[in-house]
Amino acid sequence: MSSTSESSVPAPQDGPRLSAGDAFVRAGASGARTTHPLATIPLTQLLYLVGFLPSLLFTLPAVERLAEEAGSGAAIALGVAALPVQVLLPYVPLWLWLRFYERRSFFASTGLGFRWRALAGLLWGTAAAMVFIAAWVGIALASGIAHVEGVWRFGGDGPLAVAVGAVYMLLVRIVMIGIEEQLFRGWMLQAVGARWGRTAGVLLSSVFFSLFHFTFIGFYLAGGEPHEAHWILMLNIFLWAVFAALVTLRTGNLWAAVGFHAAALILPMAALTVAIPDSAADGKGLWPLSEAVGAVVVHLPEPTRYTGGVGFAGLFEGLPATGALAVMVLAAWWWLRRGEAAAHSSS
């Protein structure tokens, strides 16, 4: 098995020094063979589904049955006990594919190497998520579709308990989201980029990442349903994916994208919190107003597809997200170009 790291692929002896993005894409071909870009399209769905089947078929039904028979306390205990299996098993099918078909390293070559850059990337991604959340809220407040409901509102639990719970949820989400980033921003981006160029890699991985959220069969097997297709949400997920891909090419690893992805879903429910009316909150991704806690609680009184708050995609819904993500994509593109110009000028 190859142990080549995404940040340690050497440049040719007589050629220019590789940028982080070039090294990242090249690391995708560090094994004995590569997967054809077109094959990654169905395989991302298949590998993800196989990884989640044990939870979909056994763990989740068991928790539901236990909640009915023994109460919510026992169900919560079982859910916590089964959590490591739920969040780690999805990695296994891709590991098997990379280990035995492509014959390359699983974490390092796909951008999830465990070095100091992992922590730095997670912190950087969390900071970027905070900028995104602040921009979303700022646009919503400026346009009049939301207003500040309260400040330092933590109820009986207090800020420490809320902070501990938020950190726990954030860590769990980081592990859960890592496989999505590895499949699309790692494996697919590398496969397409190596054969058809990095621009194609960014665009195709972003398109199919967006479609994945509306077509994944696992939603139905779990007794739920995928995101409701709407052009704003589809555009926003695509823009987010482009931003994550550009940041991945700039940093040479997936950690900043993982941090952003996780924090942008968790922090709007515990820190700078966006809430919707109780009557509209059933099964949604934002808190009902009566349960909302956070340093600042922002109320979205009339959630729609254009304002956000009608589905379970959190702040990735609505036109405020479109504006914030469009600016962040441009900033990431400029950051990537600037970094590569510096790398080439120093070679």
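The crossing of helices α7 and α9 is right-handed in this predicted model.

**Exercise 1.** Determine how α7 and α9 are oriented to each other, and describe the residues of their contact.

*Solution.* 
Step 1. Locate the helices: α7 spans residues 198-215 and α9 spans residues 231-251.
Step 2. Consider the geometry: the two helices pack at an angle of about 140°, and their axes are 8 Å apart.
Step 3. Classify the angle. Angles over 145 degrees count as roughly antiparallel and those from 65 to 115 as roughly perpendicular; α7 and α9 are therefore oblique to each other.
Step 4. Identify the partners. From α7, the contact includes Val202, Leu203, Phe209 and Phe214; from α9, it includes Ile237, Phe238, Trp240 and Leu249.
Step 5. Sort the residues of this contact: 16 are nonpolar, three are polar and one is charged.

**Exercise 2.** Compare the reach of helix α4 with the expected value, and state what follows the helix.

*Solution.* 
Step 1. Helix α4 covers residues 91-102, which makes 12 residues.
Step 2. From first to last C-alpha, α4 reaches 16 Å, close to the 16 Å expected at 1.5 Å a residue.
Step 3. After α4 comes Arg103, with a positive phi near 60°.

**Exercise 3.** Decide whether Glu102 is buried or exposed, and list its contacts beyond four places in sequence.

*Solution.* 
Step 1. Glu102 belongs to helix α4.
Step 2. Buried means under 20% relative accessible area; Glu102 has 1% relative accessibility and therefore counts as buried.
Step 3. Beyond its neighbours within four places in sequence, Glu102 is in contact with Gly28, Gly31, Ala32, Arg33, Thr34, Thr35, Trp97 and Trp187.

Definitions and conventions: Residues are numbered from 1 along each chain as its sequence is written. This is a predicted model: local features need pLDDT of at least 70, side-chain atom pairs count only at pLDDT 80 or more; totals for chains, interfaces and linings use all residues. Side-chain values use heavy atoms; hydrogens and water are left out. Axes are lines fitted to C-alpha atoms, for helices over the stretch in contact, and angles run from 0 to 180 degrees between N-to-C directions. Helices (H or I, at least four residues) and strands (E, at least two) are DSSP runs, numbered from the N terminus. Angles under 35 degrees count as roughly parallel, over 145 as roughly antiparallel, 65 to 115 as roughly perpendicular and the rest as oblique. A crossing is left-handed if the near helix is turned anticlockwise from the far one by less than a right angle, and right-handed if clockwise. Contact means heavy atoms within 4.5 Å. Ala, Val, Leu, Ile, Met, Phe, Trp, Tyr, Cys and Pro count as nonpolar, Asp, Glu, Lys and Arg as charged, and the others, Gly among them, as polar. The expected span of a helix is 1.5 Å times one less than its number of residues. Buried means under 20% relative accessible area, exposed over 50%, partly exposed in between (1.4 Å probe, protein chains only).
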